[in-house]
Amino acid sequence: MIVILGDQLSHQSAALRDMDAKQDVVVMMEVCEESTHVPSHIARTVLFLSAMRHFAAELRERGVRVWYSELDDAKNTQNFTHEVKRAVVELSPQRIVLVQPGEHRVAAMVQQWSKTLGVPVEMRADDHFVTTHEQFAAWAKGRKELTMEYFYREQRKRLGVLMEDDGKTPLSGTWNYDHENRLSFGKTGPSPRPKRPVRFEPDAITRDVIRVVQAKLPGLPGNVAQFAWPVTRADALLALKDFVKHRLAGFGPFEDAMWTGEPVLYHSGLSAALNLKLLDPRECVEAALAAHAKGQAPLQSVEAFIRQIIGWREFIRGVYWLEGETYNQRNYLQQHGALPSFYWTGDTPMRCLRETVSQVVDSGFAHHIQRLMVMGNFALTSGVHPRAVSDWFLGMYVDAIDWVTLPNTLGMVMHADGTASKKPVVGTKPYCSSGQYIKKMSNYCTGCKFDPSKRTGDDACPFTVFYWDFLHRHREKFAKNPRMAQILGNLDRFGETNVQQITVSAKKLREKFGIGAIDRPRSDSEASGRTYVAGTGQHTPTPPGLFA
Ligand SMILES: Cc1cc2nc3c(=O)[nH]c(=O)nc-3n(C[C@H](O)[C@H](O)[C@H](O)COP(=O)(O)OP(=O)(O)OC[C@H]3O[C@@H](n4cnc5c(N)ncnc54)[C@H](O)[C@@H]3O)c2cc1C
Ligand code: SF4
């Protein structure tokens with residue numbers, strides 16, 4: 001019996017490689033628990049289930065027997081372990097084969113199966129990725145800091161991507177083009193406007209999934225009306241082609257820019273297809289290299305895109321498995337505030353957050369800089385508990401799976417993945433900024449009621465107030481980091497009175513936004529707060545007093 005989980009939808013999966021179609025049965029399960037352990041955006045749930053149903057149909061067309069448990073099957077127990085048990089009772093397999101899940105929580109369930117079900121379980125390595133756990137651990141061993149840039153350079157050499165013939169020198173002598181990239185769109189905006197990603201209108205299977213999810217899981221956050229994500233490998237390949245043809249060339253220069261009404265800009269929009277394994281990272285790299293060879297995309301963009309695929313994506317996954325299952329409990333900066341309620345609605349006068357959160361609510365997607373420098377930056381500097389933030393990101397994005405979401409949120413955004421004896425892992429310094437950065441990189445501040453240059457007063461930009469307050473609150477910790485010296489020097493020039501005013505303003509703002517006290521310790525599970533009550537259409541309210 002071969003178990004295929006919802007993010008393992010590749011016909012090249014290691015679990016299917018030696019399948020005997022005459023004897024083996026593929027088991028696939030839709031379970032409510034996966035949409036409720038953190039409140040999952042309806043588009044995310046629909047994407048997973050639709051892609052699974054399409055994949056099962058493809059397997060059946062190839063003559064494979066599929067045991068498939070749909071969300072609204074009367075017998076469905078809505079939990080992986082219980083469903084596997086049901087399949088074991090019906091199929092009496094000699095063994096269970098599956099690929100390592102993308103989440104410690106699910107891996108822990110699988111670890112129990114052979115004991116509780118009395119059937120041997122063979123968990124295979126996930127060779128969708130270009131780096132094995134062993135390779136990452138060997139690279140990380142003995143290093144004081146895990147710096148993505150050095151990992152990426154090793155990946156380039158090991159994989160022979162964008163290298164000169166000697167295998168040691170980067171193509172054109174440059175490892176990255178950051179100095180040429182990071183452009184903004186100035187005052188006029190992107191011109192011409194980048195072509196929006198190709199849309200995949202819901203077919204009969206997707207429409208049926210939407211109906212079932214709305215009936216079975218009423219009240220999931222987000223909207224599904226705009227749903228147009230690739231749900232098959234054929235769709236995903238078209239999406240890759242579309243990106244390479246229309247947006248790859250602009251990817252590098254504008255990778256850090258933001259603009260109202262432009263949720264994707266020159267980004268690929270391929271993360272969900274990659275994470276479900278509808279696309280292979282190698283073919284994304286090859287497509288970008290081929291575009292460069294044909295003169296369709298400059299090296300600065302091709303390199304920037306490849307860095308995301310073989311650099312960041314693999315680095316983040318390496319960190320997740322290396323740091324282990326207690327990683328999600330870290331809170332290096334000891335911040336304990338509640339997530340403001342506007343993260344679920346976009347209902348806020350802050351124009352940057354209104355735009356980006358509304359976009360996430362409507363589509364389940366935001367591009368990297370919106371995640372990092374708007375939604376993440378606000379949560380970090382205002383003092384929200386890292387677990388509340390990582391649970392929100394895990395639930396609200398169509399591409400979210402724990403191995404990739406957690407190190408990005410807990411590590412990159414919240415600078416929370418250090419411990420008493422260890423520096424933070426993903427970021428050598430916190431990614432934080434005042435409203436001035438948002439002003440420089442976007443047009444969000446135009447027409448906003450706040451002023452990004454002000455740090456005190458009624459019209460002070462909350463980002464700017466929280467930024468300086470954050471640096472002041474964590475001054476002692478940050479003083480040990482040479483990369484923070486210049487910025488702390490700026491803070492020192494403000495004078496005591498001004499710093500006190502900032503502290504008072506930040507406290508008032510926290511009260512206004514419902515963030516509450518940020519220094520009262522609460523456990524990570526307490527911080528997660530909201531739990532979806534299946535079938536009721538409700539999320540349990542945050543327990544009274546929890547974030548008071
Ligand atoms: C707070 C936060 C949460 C995030 N959560 C997720 C998540 O749940 N799932 C997810 O896939 N990515 C996540 N990312 C990383 C990144 O933001 C998304 O991969 C990217 O925005 C997806 O859009 P895209 O496909 O257009 O990416 P592009 O900008 O086109 O990049 C190309 C690809 O590179 C990979 N990539 C780029 N950056 C990263 C990164 N930091 N980590 C891992 N892969 C990367 C993705 O597969 C992406 O599709 C998160 C980043 C932040 C700051
Ligand atoms: S002024 Fe501040 S709150 Fe308003 S859009 Fe700019 S950064 Fe966001």
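This is a predicted model: local features need pLDDT of at least 70, side-chain atom pairs count only at pLDDT 80 or more; totals for chains, interfaces and linings use all residues.
## The surroundings of ligand 1

Around ligand 1 there are 29 residues, and those that come nearest are His267, Ser268, Gly269, Asn275 and Thr405. Three of these residues also place a polar side-chain atom beside an oxygen atom of the ligand: for Ser268 the separation is 2.6 Å, for His267 it is 2.7 Å, and for Thr405 it is 2.7 Å.

## The surroundings of ligand 2

The space that ligand 2 takes up is the second largest cavity, and the elements that contribute two or more residues to the shell around ligand 2 are the helices α13 (351-363) and α17 (435-441). The residues that surround ligand 2 are Met350, Arg351, Cys352, Gly435, Ile438, Tyr444, Cys445, Cys448, Phe450, Pro452, Cys461 and Phe463.

Sorted by class, this shell around ligand 2 consists of ten nonpolar residues, one polar residue and one charged residue.

The side chain of Arg330 makes a polar contact with the side chain of Glu323, at 2.8 Å. When residues up to four places away in sequence are left aside, Arg330 touches Glu323, Pro386, Leu410, Ala416, Asp417, Gly418, Thr419, Lys422 and Val425.

Glu103 lies in another part of the chain, in the loop between β4 (96-99) and α4 (104-117), and it is likewise buried, with a relative accessible area of 10%. A polar contact of 2.8 Å links the side chain of Glu103 to the side chain of Arg105. Leaving aside residues up to four places away in sequence, Glu103 touches His37, Tyr320, Trp321 and Asp402.

Most residues other than glycine have a negative phi, and most peptide bonds are trans. Against that background, the peptide bond that joins Ser191 and Pro192 is cis, with an omega of about -5°, and Pro192 lies in the loop between α6 (148-159) and α7 (204-216). The loop between α6 and α7 is also the place of Ser172, a residue that has a positive phi of about 60° although it is not a glycine.

A positive phi, of about 50°, is likewise found at His415, which is not a glycine. His415 lies in the loop between α16 (402-413) and α17, and with a relative accessible area of 5% His415 is buried.

How values were computed. Residues are numbered from 1 along each chain as its sequence is written. Chains are lettered from A and ligands numbered from 1 in the order in which they are written. Side-chain values use heavy atoms; hydrogens and water are left out. A residue is near a molecule or strand if one of its heavy atoms lies within 4 Å of it. On a 1 Å grid over the protein atoms alone, a cavity is a set of points where a 1.4 Å probe fits but cannot get out, and a pocket is an open set with protein on both sides within 12 Å along at least five of seven lines; lining residues have an atom within 4 Å of a point. A molecule sits in a cavity or pocket if more than half of its atoms lie within 2 Å of its grid points. Helices (H or I, at least four residues) and strands (E, at least two) are DSSP runs, numbered from the N terminus. Ala, Val, Leu, Ile, Met, Phe, Trp, Tyr, Cys and Pro count as nonpolar, Asp, Glu, Lys and Arg as charged, and the others, Gly among them, as polar. A polar contact is a pair of N or O atoms within 3.5 Å; within protein, one must be able to donate a hydrogen and the other to accept it, and residues adjacent in sequence count only if both atoms are side-chain atoms. Contact means heavy atoms within 4.5 Å. Buried means under 20% relative accessible area, exposed over 50%, partly exposed in between (1.4 Å probe, protein chains only).
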